[in-house]
Amino acid sequence: MLIFMLIATLFLCQTLHDFVVDETADLATRTWVNHMYGSGDRALFTVFEMTFSGCWPNYVSRLVKEVNAYYVAFFAAYVTFVIFGMMRIISALFLKETMNQAERDHDLMILHNAQKTKAFKQDLSDLFQEADTSGDGLLS
């Protein structure tokens with residue numbers, strides 16, 4: 001997943017550089033884009049937040065509406081593949097491992113209960129053998 005985040009970071013940082021230095025564009029938007037995507041570390045942090053916090057529309061909407069509508073293609077692919085796809089795969093792997101562990105715990109519990117039942121039966125058998133003083137298999 002990190003490789004996809006780095007690719008997105010490089011793409012956004014490089015393609016938005018021309019917008020940031022374009023003096024004909026709106027200054028407030030240029031400042032926001034520079035603050036969010038103006039350097040490699042800023043862009044990586046923004047992509048990290050976008051990927052893991054669930055607030056990707058806050059970072060995408062302004063770029064698509066105020067910078068260039070063509071960013072919608074990039075973000076549609078990124079959100080679909082990385083945010084939804086990869087996160088679902090990772091979540092499914094954790095869920096599978098959790099279910100496997102729960103199954104192992106269930107099996108251990110059954111084995112433990114069977115051992116307790118066997119020990120209890122043995123104790124009862126020993127008790128009745130001690131109580132059978134005549135040795136005929138009957139209690140009197």
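First, the ground rules. Residues are numbered from 1 along each chain as its sequence is written, and side-chain values use heavy atoms, with hydrogens and water left out. Because the model is predicted, local features need pLDDT of at least 70 and side-chain atom pairs count only at pLDDT 80 or more, while totals for chains, interfaces and linings use all residues.

On confidence, pLDDT is the predictor's own score for each residue, from 0 to 100. The chain averages 88, and 99% of the residues score at least 70. Helices here are DSSP runs of H or I, at least four residues, numbered from the N terminus.

Now to Arg30, which sits in helix α2, residues 27-37. Arg30 is buried without a salt bridge, and Glu23, the nearest side chain of opposite charge, is 5.5 Å away. Buried means under 20% relative accessible area with a 1.4 Å probe, protein chains only; exposed is over 50%, and partly exposed lies in between. A salt bridge needs a Lys or Arg side-chain nitrogen within 4 Å of an Asp or Glu carboxyl oxygen. What does the side chain of Arg30 reach? The backbone oxygen of Asp22, at 3.2 Å.

Last, the cysteines. A disulfide is a pair of cysteine sulfur atoms within 2.5 Å, and the count is zero. Why? The sulfur of Cys13 is 19 Å from the closest cysteine sulfur, in Cys55, so that is too far for a bond. Cys13 is buried at 16%, while Cys55 is partly exposed at 22%. Thanks, everyone!

Key. Helices (H or I, at least four residues) and strands (E, at least two) are DSSP runs, numbered from the N terminus. Lys and Arg count as positive and Asp and Glu as negative; His and the chain ends are not counted. A polar contact is a pair of N or O atoms within 3.5 Å; within protein, one must be able to donate a hydrogen and the other to accept it, and residues adjacent in sequence count only if both atoms are side-chain atoms.
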